[in-house]
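Dear colleague,

I am handing over the structure we spoke about, and below it I set out what was found. Please read the notes with the model open beside them.

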Amino acid sequence: MGRGGYVPGRLVSDFLLFNALTTIKVEHYMRGAKMKAETRIRFPLCVDIGGKKILIIDDVTDTGNTLQLSVDYVQSLNPAEVRTAVLQHKTCSSFIPDFYGRKIIRWRWIIYPWARYEDLAGFTEKILEDRTLDISQITAEFKDRYHLDVREKEILEILQDLAERQEIEKIEKSKLVKWRARKRMIYSIIL
């Protein structure tokens, strides 16, 4: 499945010597562990899977909504069989996959190597929401709030990128540099 499942899907298809690999994009979480109100399929399949055995792969079952929607959608396309696999299955999930590499008993956010930058950027924005903080305060918030030890160098790179994208702003007063979230403009289109 799109984004979270790309890397695991590619690795599993490689290991099993399958070359029939495709994807759907299901949206549920956004940057920084922020959940959308509704799980939805953004990009559906573009191939005929009728009569075929299908293995749906994702990185994790969290709420279970993503995999449940994916299975329902894929089953509507008349495959011969549908199975599911994830790297990690959280027991709080409403969906139990057919295969998983590890069971997670106590809920926690998992940062995968292929999503690290996006997750840390989202957490940085959450930390800054209505405050102006320096790099050491942000680093301490990562530890206190998310139990993450993130190097200041890595956070600084994210801060600079977010500032370039005008999602946060850098405030320099003498030798002290602080960061704060920008007030977002919300636009409405009226026809």
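The notes that follow cover the strands and then the helices.

This is a predicted model, in which local features need pLDDT of at least 70 and side-chain atom pairs count only at pLDDT 80 or more, while totals for chains, interfaces and linings use all residues. Residues are numbered from 1 along each chain as its sequence is written, and side-chain values use heavy atoms, with hydrogens and water left out.

Helices (H or I, at least four residues) and strands (E, at least two) are DSSP runs numbered from the N terminus, and two strands are taken to pair if DSSP finds at least two bridges between them. Strand β3 (residues 53–61) runs parallel to β4 and is joined to it by eight bridges, with T61 standing opposite H89 in β4. Between β4 and strand β5 (residues 99–104), which also run parallel, there are five bridges, and K90 has I104 in β5 as its bridge partner. Seven of the ten residues of β4 (residues 81–90) are buried, so this strand is largely enclosed by the rest of the structure; buried here means under 20% relative accessible area, with a 1.4 Å probe and protein chains only.

A further three strands form an open antiparallel sheet in the order β6-β8-β7. Because β6 (132–134) and β7 (168–173) stand at the edges with a single partner strand each, one side of each is left without a neighbour in the sheet. The pairing of β6 with β8 (residues 176–181) is antiparallel over three bridges, and D134 stands opposite K178 in β8. Helix α4 (residues 135–146) packs on this sheet, touching β6 and β8, and its direction makes about 95° with that of β6; helix α5 (residues 152–164) also packs on the sheet, touching β7 and β8. Contact means heavy atoms within 4.5 Å, and angles run from 0 to 180 degrees between N-to-C directions, the axes being lines fitted to C-alpha atoms, for helices over the stretch in contact.

The axes of helix α3 (residues 116–128) and α5 come within 10 Å and cross at roughly 75°, which means that α3 is roughly perpendicular to α5 (65 to 115 degrees). Among the residues that meet there are L120 and L128 in α3, and I158 and L162 in α5.

The axes of α3 and α4 likewise come within 10 Å, crossing at roughly 100°, and α3 is therefore roughly perpendicular to α4.

With best regards

How values were computed:
Parallel < 35°, antiparallel > 145°, perpendicular 65-115°, else oblique. Buried < 20%, exposed > 50% of the residue type's maximum accessible area, 1.4 Å probe, protein only.
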